[in-house]
Amino acid sequence: SWLDCEYAGQKQAYIYAVATHPDHRGKGLCRKLMDMAHEQLRAEGYHAALLRPADSGLRRMYGKMGYRVVTGVTEFDAAAGKPVALRKLDVREYETLRRSFLPEDGVLQEGVSLDYLAAYADLYTGEDFLLAGSFYEGSFIGMELLGNREAAPGILAALGHKTGTFRCPGMDIPFGMFLPLKEDAKEPGYLGLVFD
């Protein structure tokens, strides 16, 4: 599957949920599927493809297809502190605010991408932050915290969670991979919303 996104005015595709059944791995099926997807994307005017591999083995596999890591994130754990004021957002409010919180080199992920995100994440804003997060298997996961990362302890307290993990812009962990589909494709520096 892919979802439309944009960077520097260029149409890009965020590819996700690529999988091969274990009985059929090692036969080149994924490569053929990805080659077909890249051709389709080129035909539809996309400048680049983006993805986020789940592990280093997949990162190597996509590297052999021409993808390279161009974005990273910082992930950190936090414990509840003094609560901050926050407000729950609907998806369109989040979409509007995200543009102002997104780093200059960030990929715009809007429309259907955010509708999909809102199906399993809650969206919040506060005085100086924007958050997409969910409670998963007993833990709070801040899938994307934009703005003031120091607000994390207060966010946890306001939401009634003792601990949580947050992901924000940074370069500590290799994250998004990029494949130019046109010669003039521009390389982003931040891909934040991935559906993993």
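Reader: Which residue follows helix 5, and what is its phi?

Author: Gly160 comes after helix 5, and its phi is positive, near 80°. This is a predicted model, where local features need pLDDT of at least 70 and side-chain atom pairs count only at pLDDT 80 or more, while totals for chains, interfaces and linings use all residues. Residues are numbered from 1 along each chain as its sequence is written, and side-chain values use heavy atoms, with hydrogens and water left out.

Reader: Which residues of helix 5 are called buried, and why?

Author: Ala152, Gly154, Ile155 and Leu156. They carry the label because their relative accessible area is under 20%; over 50% would be exposed, and in between is partly exposed (1.4 Å probe, protein chains only). Their cover includes strands 5, 6, 8, 9 and 10.

Reader: How do you know the direction of helix 5 relative to strand 5?

Author: Axes are lines fitted to C-alpha atoms, for helices over the stretch in contact, and angles run from 0 to 180 degrees between N-to-C directions.

Reader: What makes strands 9 and 10 a pair?

Author: Two strands pair if DSSP finds at least two bridges between them. Strand 9 (residues 139-147) and strand 10 (residues 163-169) have three, in the parallel sense. Three meets the cut-off, so they pair. Gly142 has Phe166 of strand 10 as its bridge partner.

Reader: What is the order of the five-stranded sheet?

Author: The order is 1-2-3-12-4, in an open sheet with mixed pairing. Strand 1 and strand 4 (68-69) are its edges, each pairing on one side only. Helix 1 packs on this sheet and touches strands 1, 2, 3 and 12. Its direction makes about 155° with that of strand 2.

Reader: Why is strand 2 called largely enclosed?

Author: Five of its six residues (10-15) are buried, so the rest of the structure largely encloses it. Strand 2 pairs with strand 1 (residues 2-7) in the antiparallel sense over six bridges. It pairs with strand 3 (residues 48-51) in the parallel sense over four. Tyr14 shows both sides: Leu3 stands opposite it, and Leu50 is its bridge partner in strand 3. Leu50 in turn stands opposite Phe178 in strand 12.

Reader: What makes a space a pocket rather than a cavity?

Author: The work is done on a 1 Å grid over the protein atoms alone. A cavity is a set of points where a 1.4 Å probe fits but cannot get out; a pocket is an open set with protein on both sides within 12 Å along at least five of seven lines. Lining residues have an atom within 4 Å of a point. Grid points are joined across faces, edges and corners, and the volume is the space filled by probe spheres set on the points. The largest pocket holds about 570 Å³.

Reader: Which residues lie nearest its centre?

Author: Val18, Cys30, Leu58, Met61 and Tyr62, out of 27 lining residues. Helix 2 gives the largest share of the lining, four residues.

Reader: Why is Met61 classed as it is?

Author: Its relative accessible area is 29%, so Met61 is partly exposed. Met61 sits in helix 2 (residues 56-64). Cys30 is 31 residues away in sequence, and 9.7 Å away C-alpha to C-alpha.

Technical notes. Helices (H or I, at least four residues) and strands (E, at least two) are DSSP runs, numbered from the N terminus. Contact means heavy atoms within 4.5 Å.
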